[in-house]
Amino acid sequence: MQAYVTLVRRELGSFFYSWIAYIVIAGAMFLMGLSFVALLDRLQGEPTSMPLTEIFLGGCFWLIVLFSAPIITMRLFALEKYSGTFETLMTAPVSDWQVVLAKFTAAIIFYMLMWLPLLGCVLVLRYFARGSNLLDPGTLGGTYLGILLIGCLYMAAGCFASALTRNQIVAAMISFAIGLAFFLAGFMAGPFDLQKTWAGQALNCVSVLGQMKDYARGVVDTRSICFCLTSSLFFLFLACRVLESRRWR
Amino acid sequence: MMMIDVSNLTKKYAGNTAVADVSFQVERGEIVGLLGPNGAGKSTTMRILACFIPASSGTATVAGLDVFTQADEVRRRIGYMPEHNPLHPELRVREYLNFRARLKGLSHSRSRERIDAVITQCGLEDVSRRIIGHLSKGYRQRVGLADALVHEPELIILDEPTIGLDPSQIRSVRQLIKDLGRNHTVLLSSHILPEVEMTCNRVLIMREGRILAADTPENLQKAVGKNGHLITEIAAPLEELKTCFEQMPELAHYTISAAEGAYHRCALTPSGSHDLRPMIFALVVERGWELRELSRVRHSLEEVYIRLTRPESEEEAL
């Protein structure tokens with residue numbers, strides 16, 4: 001446990017030692033700010049029955065997740081392998097699982113920190129909406145849960161991609177490709193008949209796009225929770241196996 | 001109990017054999033040097049002992065614990081510094097050592113205590129608050145050593161600890177390693193001979209994944225030192241000198257070159273283990289020549305090493 005906590009702290013620290021953390025946070029804040037302005041503009045124009053979170057997250061969420069996940073996770077293993085510190089790390093008395101989980105945890109914590117400014121936007125809205133049920137806490141909770149769960153999936157996929165290679169750019173590209181595949185699955189389900197064909201159903205299940213829409217509406221679906229958690233675990237398991245692979249190569 | 005016990009260790013990488021059927025033992029308190037050209041399997045052997053990669057076959061134990069099945073326990077007992085000494089350049093020295101100490105399971109108070117101790121031991125007091133990336137190579141090497149020592153391991157494994165250092169840095173790192181030998185068992189690898197000659201109690205010479213020789217540096221020298229040759233400078237008529245040398249049955253081979261003045265510089269190789277020095281002296285006295293140098297050239301470990309690690313084809317050509 002001590003090794004795990006030490007590693008998480010070290011990983012979190014290393015995000016902020018490099019410029020990457022600040023650039024990612026700045027980029028995410030810029031996009032959130034843009035969406036916020038767009039939202040205010042829309043609210044001024046016409047009345048809408050859509051939950052605000054859904055409108056708000058419509059554009060910026062995916063842009064932020066798709067691009068930030070590879071950038072956040074690319075260095076986790078690739079940099080250590082490249083600089084050789086991987087060897088000192090793995091000859092310390094820590095297990096592969098501890099290392100993978102610690103890096104994943106650090107990535108998730110950083111990712112959630114990145115979403116903190118969203119809370120600021122919400123508070124501003126609440127202040128000006130003055131008590132109307134424009135933003136109900138349930139919807140907000142659902143939205144944050146969605147951000148966390150989908151983040152888990154993307155961070156885990158990023159961990160796996162980073163464990164595969166010692167080149168950060170390659171890691172980022174693999175991670176982006178996996179992320180994009182999950183994102184596009186929803187669109188690809190379209191042409192299939194959802195009720196009849198298995199392909200349509202399968203694609204619909206992995207469509208994180210639809211799942212995030214539900215979360216933003218405040219609908220928390222256990223299928224989606226299950227999907228995100230199990231696939232995150234699956235990717236972490238793969239990352240672990242990749243680390244172990246140095247033993248059987 | 002042996003500190004390291006390796007028997008029939010073999011490691012294959014995708015068809016290539018890096019280490020082939022290697023067996024050796026290291027006792028507690030020894031400083032042992034692994035010597036060999038690049039690609040001889042030194043690093044692979046060390047990585048196996050440090051539980052980074054497993055062997056393809058054979059067994060290795062550290063302090064009686066198997067490196068594969070009891071890896072966690074073994075790692076606690078080993079301080080390992082890989083080749084090129086990778087560090088986190090963005091951290092400060094103390095921060096880095098603290099991270100490593102905590103990672104190795106030391107409590108807060110214990111790690112503070114040990115960090116102070118290793119900082120003094122490795123002479124890092126002046127730079128303990130500096131960023132590692134800004135340090136000189138010599139200091140970085142010491143940070144690597146401090147990291148290997150921080151949890152008070154029983155065995156210290158150092159892969160090329162002095163690579164890329166300047167002579168004065170090499171000397172200080174060498175002294176540090178010698179000091180370590182008082183309380184720890186040290187296994188170090190190198191292809192720099194004087195280093196091994198001066199620091200180690202015992203040398204294992206490796207080539208192409210096999211151990212060619214394992215002995216103390218002195219014994220290894222003796223093993224090939226039988227034909228150690230002689231250098232002498234004599235002032236004598238050249239022809240007379242040549243005739244005298246040719247008549248000496250104990251002399252297997254000689255070369256004569258001109259030195260300044262009337263002197264000739266002669267390199268003499270004895271046949272068998274004869275000591276030629278008294279004979280040369282007697283000869284000079286008898287003829288009334290002048291002698292100004294008479295010395296035996298001892299084989300350094302370097303020659304032993306070159307002789308043992310020379311590829312076979314080259315040996316035949318000679």
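How many salt bridges are there between chain B and chain A?

1. The count is two salt bridges between chain B and chain A, a salt bridge being a side-chain nitrogen of Lys or Arg within 4 Å of a carboxyl oxygen of Asp or Glu. B:Glu90 and A:Arg10 meet in a salt bridge through their side chains, at 2.9 Å from N to O.

2. This is a predicted model, in which local features need pLDDT of at least 70, side-chain atom pairs count only at pLDDT 80 or more, and totals for chains, interfaces and linings use all residues. Residues are numbered from 1 along each chain as its sequence is written, chains are lettered from A in the order in which they are written, and side-chain values use heavy atoms, with hydrogens and water left out.

3. In contact (heavy atoms within 4.5 Å) are 28 residues of chain B and 23 residues of chain A. The two chains bury about 2400 Å² between them, 58% of it on carbon and sulfur atoms; buried area is the accessible area (1.4 Å probe) that two parts lose on being put together, summed over both. Of the area that chain B buries against chain A, 30% comes from B:Phe52, B:Arg75 and B:Leu103, more than from any other three residues.

4. B:His151 counts as buried because its relative accessibility is 11%, where buried means under 20% relative accessible area (1.4 Å probe, protein chains only). Leaving aside residues up to four places away in sequence, B:His151 touches residues including B:Arg75, B:Ile78 and B:Lys104.

Conventions
Buried < 20%, exposed > 50% of the residue type's maximum accessible area, 1.4 Å probe, protein only.
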